Structure formats: structure tokens, C-alpha cells
Amino acid sequence: MRSLIITLLAIFSFSACGAQTEKKMNNGKSIVVFFSHAGENYGVGNVKEGNTKIVADVISEKTKADRLEIVCVKDYNMGYDALCNLAKKEQNAGELPGYTLLLNGNKLSGKMDMSSYTTIYIGGPVWWGTYPQVMFTFFKDYDLNGKTILPFTTHEGSGLARCESDLKKKYPNATFGKAFSIYGHEVRSEAGKKKVEAWVK
Ligand SMILES: Cc1cc2nc3c(=O)[nH]c(=O)nc-3n(C[C@H](O)[C@H](O)[C@H](O)COP(=O)(O)O)c2cc1C
């Protein structure tokens with residue numbers, strides 16, 4: 001009996017130790033990288049905060065992840081139709097607009113050090129079937145191969161569209177988790193928030 005108890009104790013402490021190691025290994029930092037456009041938009045009117053930003057905030061609140069906002073240097077302060085036309089032109093031309101970065105709301109002067117992050121949520125609105133061109137400028141500048149990427153979009157009917165597959169093309173050696181999409185007009189509701197939380201969970 002005594003030796004049985006000792007054996008059981010040994011097995012228990014071994015597996016507890018294993019669980020701890022696993023926890024440590026998975027304990028890398030998370031960050032939410034996103035672009036979002038405030039102003040006039042489809043289905044929501046003239047908004048102070050973009051739809052994707054609201055989702056990014058819920059993710060970071062729930063996971064304690066840092067927030068890295070991509071801010072386009074171009075002025076997108078215009079009506080919805082004008083922005084649609086401009087975005088189409090940018091996409092057709094393969095334009096890569098410049099950007100600045102806000103880390104947890106603070107403007108970065110140099111390049112962002114992504115080395116300590118293992119899990120990266122990447123989100124943006126769907127613009128003509130994929131992420132806005134400025135996000136592709138970021139993807140060109142930052143090699144996220146080897147990271148775990150969780151793509152998300154806000155949209156008005158296209159779902160994930162080509163966003164997830166475009167990310168997979170950019171980062172063929174990243175590990176991809178389950179992607180998530182939500183209607184932009186849903187994100188301000190309690191039900192919308194719950195959908196984001198359920199995905200994060
Ligand atoms: C320029 C532009 C292009 C868009 N293209 C699409 C599209 O192809 N498919 C779609 O479902 N929604 C499209 N939308 C709607 C946005 O994806 C949706 O409103 C999104 O939630 C906006 O997010 P944001 O407020 O974070 O920018 C487009 C909106 C704009 C402004």
C-alpha cells in the first residue's frame with residue numbers, strides 16, 4: 001500500500017511538473033495588430049471609433065494582449081463612396097501606403113520589436129475582398145513566420161473574404177489558429193461583444 005501511494009505521488013508530481021512546463025512554453029506574449037477606419041462607413045453612419053478597433057479592444061481586454069494599431073499616413077477622412085473608389089484604385093495599383101504605429105495608444109518612433117510575441121491577432125476591415133492595402137505594407141515590413149496568427153475581420157457581407165488566405169500566402173511558415181469574422185454593424189452590441197469573447201475563448 002505504502003509503495004503504491006509513493007508511486008501515485010511520483011506520477012502526480014511528474015505530470016504537474018509537465019503541465020507547468022507546458023504553461024511556461026505557451027506563456028509567450030500576445031499582441032493585437034489591427035487597422036480600423038473611423039468616420040463615415042456603411043451600416044453604422046459616422047463613427048468616432050472604427051468597427052475593427054472595437055473588436056481589437058475586446059480581444060486585448062480579454063487576453064491582456066498589447067495593441068498595435070496601424071495608422072495610415074494617407075487621409076481617409078472622406079465619404080463612404082469616395083473612400084470605396086480610392087481603396088479600389090489603391091488595390092488595383094498594388095499601392096503600399098505608409099503608416100505609423102501606436103503601441104497601446106503611444107506612437108512608436110522606430111520599428112516595433114515583435115520578437116517577444118508568440119501569438120498575434122491580426123485584424124482589419126474587409127476592403128474590396130481583402131485587408132486594406134496599408135496592412136500589406138505592414139506585412140511586407142514584418143516577418144511573422146514562426147508565430148501563431150489568429151486572423152479576424154469586420155465586414156458587411158464578405159466574412160473573411162481573402163484575408164485569411166492572403167495572410168497564409170504572406171506567412172507560409174506561421175501557425176494559423178481559427179479565424180474569426182463579424183459584421184461591422186454588430187460590434188457595438190452586447191451580442192457582438194459576446195461573439196468576440198466566444199472566439200477568444
Ligand atoms: C473602402 C471600403 C471597402 C469595403 N469593401 C467591403 C467588402 O469588399 N466586403 C464587405 O463585406 N465589406 C466591405 N466594406 C465594409 C467594411 O468592411 C466594414 O464596414 C468594416 O466593419 C469596417 O471596419 P472599420 O470600421 O474597422 O474600418 C468596405 C468598406 C469600405 C470603407
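Residues are numbered from 1 along each chain as its sequence is written. Because the model is predicted, local features need pLDDT of at least 70 and side-chain atom pairs count only at pLDDT 80 or more, while totals for chains, interfaces and linings use all residues.

**The chain as a whole**

The secondary structure comes to six helices and ten strands, where helices (H or I, at least four residues) and strands (E, at least two) are DSSP runs numbered from the N terminus. Of the 201 residues in the chain, 29% are buried; a residue is called buried if 20 or more other C-beta atoms lie within 10 Å of its own, exposed if 12 or fewer, and partly exposed in between, with C-beta atoms placed from the backbone. Two residues are in contact if their C-beta atoms, placed from the backbone, lie within 7 Å, and among contacts between residues at least 6 apart in sequence, 79% join residues at least 24 apart.

Strand S8 covers residues 148-155 and is mostly covered, since seven of its eight residues are buried.

| Strand paired with S8 | Bridges | A bridged residue pair |
|---|---|---|
| S7 (residues 117-125) | seven bridges | Tyr121 and Leu150 |
| S9 (residues 175-176) | two bridges | Ile149 and Phe176 |
| S10 (residues 180-183) | four bridges | Thr153 and Ser181 |

Strand S7, helix H4 (residues 133-141) and S8 make a right-handed β-α-β unit, which means that, with the strands pointing away from the viewer, the path from the first strand over the helix to the second runs clockwise. From S8 the chain then crosses through helix H5 (residues 163-170) to S9, and this β-α-β crossover is right-handed too.

**Around the ligand**

There are 23 residues around the ligand, and Gly50, Thr52, Pro125, Ser158 and Gly184 come nearest; a residue is near a molecule if its C-beta atom, placed from the backbone, lies within 6 Å of it. The elements that give two or more residues to this shell are helix H2 (51-63), helix H3 (80-93) and S8, and the largest share, four residues, comes from H3. The shell divides into nine nonpolar, twelve polar and two charged residues, where Ala, Val, Leu, Ile, Met, Phe, Trp, Tyr, Cys and Pro count as nonpolar, Asp, Glu, Lys and Arg as charged, and the others, Gly among them, as polar.

Lys53 is found in helix H2 and counts as buried because it has 23 C-beta neighbours inside 10 Å. Leaving aside residues up to four places away in sequence, Lys53 touches Phe34 and Ser36. Lys53 and Pro125 are 72 residues apart in sequence, and their C-alpha atoms are 9.6 Å apart in space.

Asn104 has a phi near 50°, a positive value in a residue other than glycine, and its place is in the loop between strand S5 (99-103) and strand S6 (106-107). Asn104 is exposed, with 11 other C-beta atoms within 10 Å. Trp128, which is not a glycine either, has a positive phi of about 55° and is found in the loop between S7 and H4. Trp128 is partly exposed, with 16 other C-beta atoms within 10 Å.

Notes: Pairing = 2+ DSSP bridges.
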